[in-house]
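Q: Got a model open here and want a quick tour. Can you walk me through it?

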Amino acid sequence: MKKLMPWCCFLILLLSGPALYAAPSAAQLILQAEEARKGAADLGFEWRDTAALIAEAREALEKGQEEQAAVLAGEALRQGELAIEQGTFMHNHWQEFIPEH
């Protein structure tokens, strides 16, 4: 019995793991996307469509289309994160893009 108890605890934790990490709601994704957009804008690298995607996500959420809002906000979040990555890279490597004479 003593050898079986750790395995039972392990299985319980393994099976309950996904429940502990629920997907963020559309509203949370919209907030995260807006923060990422602002971060990219602060670096001067905000992408063209990010703000529009966030606005579409808010509109979908107001209409009760939670799933569609989450998809749009997720795409906006991804764009914001990539724009921050791009801006950070350019900040650190801009000298490499100056032509040599």
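A: Below we go through the fold, the confidence, the helices and the charged pairs.

Q: What kind of model is it, and how are residues numbered?
A: It is a predicted model, where local features need pLDDT of at least 70, side-chain atom pairs count only at pLDDT 80 or more, and totals for chains, interfaces and linings use all residues. Residues are numbered from 1 along each chain as its sequence is written, and side-chain values use heavy atoms, with hydrogens and water left out.

Q: How many helices and strands in the protein chain?
A: Four helices and zero strands. The pattern along the sequence reads α-α-α-α. Helices (H or I, at least four residues) and strands (E, at least two) are DSSP runs, numbered from the N terminus.

Q: What's the mean pLDDT of the protein chain?
A: The mean is 88, and 79% of the residues reach 70 or more. pLDDT is the predictor's confidence in each residue, from 0 to 100.

Q: Which element has the lowest mean pLDDT, and which the highest?
A: Helix α1 (residues 4-20) has the lowest, at 57. Helix α3 (residues 50-62) has the highest, at 98.

Q: How much of the protein chain counts as buried?
A: 23% of its 101 residues. Buried means under 20% relative accessible area, exposed over 50%, partly exposed in between (1.4 Å probe, protein chains only).

Q: And the accessible surface?
A: About 7800 Å² for the protein chain, with 62% belonging to carbon and sulfur atoms. Areas come from the Shrake-Rupley method with a 1.4 Å probe; for residues, only the protein chains shown count as cover.

Q: What share of contacts joins residues 24 or more positions apart?
A: Among contacts with a separation of 6 or more, 69%. Contact means heavy atoms within 4.5 Å.

Q: Let's look at α3. How many residues, and what span?
A: α3 has 13 residues and reaches 19 Å from its first C-alpha to its last, close to the expected 18 Å. The expected span is 1.5 Å times one less than the number of residues.

Q: Which residues of α3 are buried?
A: Thr50, Leu53, Ile54, Ala57 and Ala60. Seen down the axis of α3, they fall within an arc of 125°, so they line one face of the helix. That arc is taken over the directions from the helix axis to the C-beta atoms.

Q: What covers them?
A: The cover includes α2 and α4 (66-93).

Q: What follows α3?
A: Gly64 does, with a positive phi near 85°.

Q: Where is Ile30, and what does it touch?
A: Ile30 sits in helix α2. At 5% relative accessibility, Ile30 is buried. Leaving out residues up to four places away in sequence, Ile30 touches Ile54, Ala57, Arg58, Leu61 and Ala73. Ile30 and Ala57 are 27 residues apart in sequence, and their C-alpha atoms are 7.0 Å apart.

Q: Switching to charges. How many salt bridges?
A: Four. A salt bridge is a side-chain nitrogen of Lys or Arg within 4 Å of a carboxyl oxygen of Asp or Glu.

Q: What does Arg37 pair with?
A: Arg37 meets Glu34 in a salt bridge at 2.6 Å, N to O. Arg37 also forms a salt bridge with Glu46, the closest N and O atoms being 3.2 Å apart.

Q: How far apart are Arg37 and Glu34 along helix α2?
A: Three residues in helix α2 (residues 26-43), which separates them by about one helical turn.

Q: What else does Glu34 touch?
A: Ile54 and Arg58, not counting residues up to four places away in sequence.

Q: What about Asp49?
A: The side chains of Asp49 and Arg48 meet in a salt bridge at 2.8 Å, N to O. Asp49 is partly exposed at 32% relative accessible area, whereas Arg48 is exposed at 75%.

Q: Last one. Where is Glu66, and what does it touch?
A: Glu66 lies in helix α4 and is partly exposed, at 39% relative accessible area. Glu66 touches Ser25, Ala26 and Leu61, residues up to four places away in sequence not being counted. Glu66 and Ser25 are 41 residues apart in sequence and 8.0 Å apart in space, C-alpha to C-alpha.
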